[in-house]
Amino acid sequence: MRFGVFLYSSSSCEWPILGWQWTPERRMASELKKMAEGGLKFVIPLMPFDFRVRKLETTGADALKLLISKCHEYQMEVHPTFCVFFNEERAEISSIIQEHPDWGIVNRRREILPLLDPGKPEVRDFIIDRILGIARRYDIDGILLDFIRYQGDAVGDVCYCKRCRDDFKEAYGKDPLELSEDDPLMEKWDDTRRQNINTFVQSFYDKSKKVRNDLSLSAYVWARGDTKGVYQDWPVWVERKKLDWISHGCYTDDMTHFANTCRRFVSTVKNKIPAYIVICPKSSLVNPDKYELTADQIVKQMQIAKEAGVDGITFCYWYNLRPKLADVSKIIHQWSS
Ligand SMILES: [Zn+2]
């Protein structure tokens, strides 16, 4: 099994992603050393929402370059992660939409939201080009795509921009805004959105392999996957082998729920590509159910995941794992391959 960790900004910041807290270089190096000594083999730094690299405020050094050189020194791989279509309202993604107002997703009330529209080829190409620009310039080992989905919960049913409506009307003769829930064309409208996401993944994979054949491509997916409003049909990506490995989130302190999720995930992936489960030692910002796992509970989830047959575990995030690393690193070392 292999073990890795997501890096994010926080008060105990390990990675200067959003500029909230810039970590001195020495501190970054000593944190990375701790991760490596704990048995972690790869890190997944969250990248800025405009898909661009930042410089450290302290020294002006290139943050990603520095991270890569330190990680490689400690024999850890670097797989930057990018939030592809969905973001909370951040200045960076809004700046992309400000430059291209027609790239934002539009809801039923015709409001433009700070989310990029997966239905437009030029939007998909823009995201792919920016991310692969980083793959060209930096010695990264892989890329992990996150938020490759529509976001139904937070913003409702999308996208009803003119272009998406016109395209659908041209193909099926009806404006999607006029479809009622029981309209037979609703299935086509759902399928259109599902295909937009699938097309992005396929296109990203094919283009990335042309840029760098050695780049390991993965995605972070949801338990709910291809549900209405989300349209993240990840079993198809696995089936078509448009990912090199897949990472499945499961934020919970409920061991039965965790076990069921692991089993369902592994049986869906069916050994087609390596399956990694994400263990979150503490509830995330977006998770309404607050919890914090004890070191014993983390070990319990690791055991459940191993029994279910996962190929690896990623912890989310380092600052959640860090206080408990001493208690779990022995098992990480024992199980590491
Ligand atoms: Zn649209």
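## Overall build

A residue counts as buried here if 20 or more other C-beta atoms lie within 10 Å of its own. By that test, 41% of the 337 residues of the protein chain are buried. The model is a predicted one.

The protein chain holds 12 helices and 11 strands. Take the contacts between residues at least 6 apart in sequence: 75% of them join residues at least 24 apart.

## The open sheet

Nine strands make an open sheet; that is, the sheet has 9 strands in the order E3-E2-E1-E11-E10-E9-E8-E7-E4. The pairing is parallel. Strand E3 (77–78) and strand E4 (81–83) stand at the edges, and each has a single partner strand, so one side of each lacks a neighbour in the sheet.

Strand E1 (residues 2–7) runs parallel to strand E11 (residues 312–315), and 4 bridges join the pair. Within that pairing, Arg 2 sits opposite Gly 312 in E11.

## The E5–E6 hairpin

Strand E5 (residues 104–106) pairs with E6 in the antiparallel sense, over 3 bridges. Val 106 faces Ile 112 in E6. The two strands E5 and E6 form a hairpin, with 5 residues between them. In the turn, Arg 110 has a positive phi of about 70°.

Strand E6 (residues 112–116) is mostly covered. Of its 5 residues, 4 are buried.

Ile 277 belongs to strand E10 (residues 275–279). Is this residue buried or exposed? Ile 277 has 25 C-beta neighbours inside 10 Å, so it counts as buried. Leaving out residues up to four places away in sequence, Ile 277 touches His 248, Cys 250, Cys 262, Phe 265, Ala 305, Val 310 and Ile 313. Ile 313 is 36 residues from Ile 277 in sequence, yet their C-alpha atoms are 5.1 Å apart.

The largest nonpolar core has 93 residues. Those with the most contacts inside this core are Val 5, Val 43, Ile 148, Ala 219, Ile 246, Ile 277 and Ile 313. In soluble globular proteins, nonpolar side chains tend to be buried together.

## Helix H9

Helix H9 (residues 255–269) has 15 residues. From first C-alpha to last, H9 reaches 21 Å, close to the 21 Å expected at 1.5 Å a residue. Which residues of H9 are buried? They are Phe 258, Thr 261, Cys 262, Phe 265 and Val 269. Seen down the axis of H9, these buried residues fall within an arc of 100°, so they line one face of the helix. An α-helix has 3.6 residues a turn, so residues three or four places apart point the same way.

On the other side of H9, Thr 256 and Ser 267 are exposed. The buried residues of H9 pack against H8, strand E9 (245–250), E10 and helix H10 (295–308). Just after H9, Lys 270 takes a positive phi of about 50°.

## Helix H7

Helix H7 (residues 186–211) has 26 residues. At 1.5 Å a residue H7 should span 38 Å, and its end C-alpha atoms are 38 Å apart, which agrees.

The buried residues of H7 are Arg 193, Asn 196, Ile 197, Asn 198, Phe 200, Val 201, Phe 204, Tyr 205 and Ser 208. What do the buried residues of H7 pack against? Their partners are helix H4 (121–137), strand E7 (142–146), strand E8 (216–221) and helix H8 (234–239).

Technical notes:
Residues are numbered from 1 along each chain as its sequence is written. This is a predicted model: local features need pLDDT of at least 70, side-chain atom pairs count only at pLDDT 80 or more; totals for chains, interfaces and linings use all residues. A residue is buried if 20 or more other C-beta atoms lie within 10 Å of its own, exposed if 12 or fewer, and partly exposed in between; C-beta atoms are placed from the backbone. Two strands pair if DSSP finds at least two bridges between them. The expected span of a helix is 1.5 Å times one less than its number of residues. Two residues are in contact if their C-beta atoms, placed from the backbone, lie within 7 Å. A nonpolar core is a set of buried Ala, Val, Leu, Ile, Met, Phe, Trp, Tyr and Cys residues joined through C-beta atoms within 7 Å. The arc is that of the directions from the helix axis to the C-beta atoms.
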